[in-house]
Amino acid sequence: AGLRREEALRVRQRRVGELALAARLSENPHRSVLLLEAGPDYLDLDSLPAELKHHCLEAASQAHAPHNWSFVNSPLYQQQRTAPSPRGKVVGGSSAINHMIFLRGLPEDFDSWAALGNDEWAYHKVLPYFRKLETDLDLHDDVHGSAGPVPVRRHARASWHPFQEAFYQACVAADFPEDRD
């Protein structure tokens, strides 16, 4: 009712991308951004519950866990059953319960989407936006960002859970190349 389009923009915090969008939008001093989230906000590591702090058992992603909305997907035409869709009921959203993993699509995926008709999805065109999004604390090169709102780091191998080490060893044994990223 009388709002200009840019004033009526709503940003929902479902994942890191929306947080970064809200941060970018708020850089304009003439714009006000309201970011809404549902669930508790744990201000420091000491107050963070174990199921959010230690992800190896996936406790926070289990159905009916206290920080999970426990949504269920509708079956697609290829499927005969529903599937759980863990969604975070905590500040930080689903990233807080889904192991806080930061993954990009593969360059080949972006290029194949571009080949389907929208060349703006080509990897070399989306890469600058990935770089603007992140501050990579481990890798400093032409592919990783250094001044974005989302910190990205890799866990030191010495801190890996035995499941992670076993997966890594299985990949190496199957001749997958090592990749620091």
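**Close-up views of a predicted model**

**Figure 1. The whole chain.** In the protein chain, 32% of the contacts with a separation of 6 or more join residues 24 or more positions apart. The model is predicted. The protein chain holds six helices and six strands. Read from the N terminus on, its elements follow the order β-α-β-α-β-β-α-α-α-β-β-α. The chain has 181 residues, and 23% of them count as buried.

**Figure 2. Helix 4 meets helix 5.** Helix 4 spans residues 107-115, and helix 5 spans residues 123-133. Their axes come within 9 Å. They cross at roughly 125°. Angles from 65 to 115 degrees count as roughly perpendicular, and those over 145 as roughly antiparallel. Helix 4 and helix 5 are therefore oblique to each other. Which residues meet here? Helix 4 brings Pro 107, Phe 110 and Asp 111. Helix 5 brings Tyr 123, Val 126 and Phe 130. By class, this contact of helix 4 with helix 5 has five nonpolar residues, one charged residue and no polar ones.

**Figure 3. The two sides of helix 5.** Which residues of helix 5 are buried? They are Tyr 123, Val 126, Leu 127, Phe 130 and Leu 133. Seen down the axis of helix 5, these buried residues fall within an arc of 120°, so they line one face of the helix. His 124 and Tyr 129 lie on the other side of helix 5, where they are exposed.

**Figure 4. Ser 94 in helix 3.** Helix 3 covers residues 94-97, and Ser 94 is part of it. Is Ser 94 buried or exposed? Its relative accessibility is 9%. Buried means under 20%, so Ser 94 counts as buried. The side chain of Ser 94 also has a polar partner: the side chain of Arg 87, in a polar contact at 3.4 Å.

**Figure 5. Ser 70 in its loop.** Where is Ser 70 found? Ser 70 sits in the loop between helix 2 (50-53) and strand 3 (71-73). Beyond its neighbours within four places in sequence, Ser 70 is in contact with Gln 62, Ala 63, His 64 and Ala 65. For His 64, there is a distance to note. A polar atom of the Ser 70 side chain lies 2.7 Å from the backbone nitrogen of His 64.

Terms used
Residues numbered from 1 in each chain as written. Predicted model: local features only at pLDDT ≥ 70, side-chain atom pairs only at ≥ 80, totals over all residues. Heavy atoms only, no water. Helix = DSSP H or I, 4+ residues; strand = E, 2+ residues; numbered from the N terminus. Buried < 20%, exposed > 50% of the residue type's maximum accessible area, 1.4 Å probe, protein only. Polar contact = N/O pair within 3.5 Å; in protein donor to acceptor, adjacent residues only side chain to side chain. Axes fitted to C-alpha atoms, helices over the stretch in contact; angles between N-to-C directions. Parallel < 35°, antiparallel > 145°, perpendicular 65-115°, else oblique. Contact = heavy atoms within 4.5 Å. Nonpolar A, V, L, I, M, F, W, Y, C, P; charged D, E, K, R; others polar. Arc of directions from axis to C-beta.
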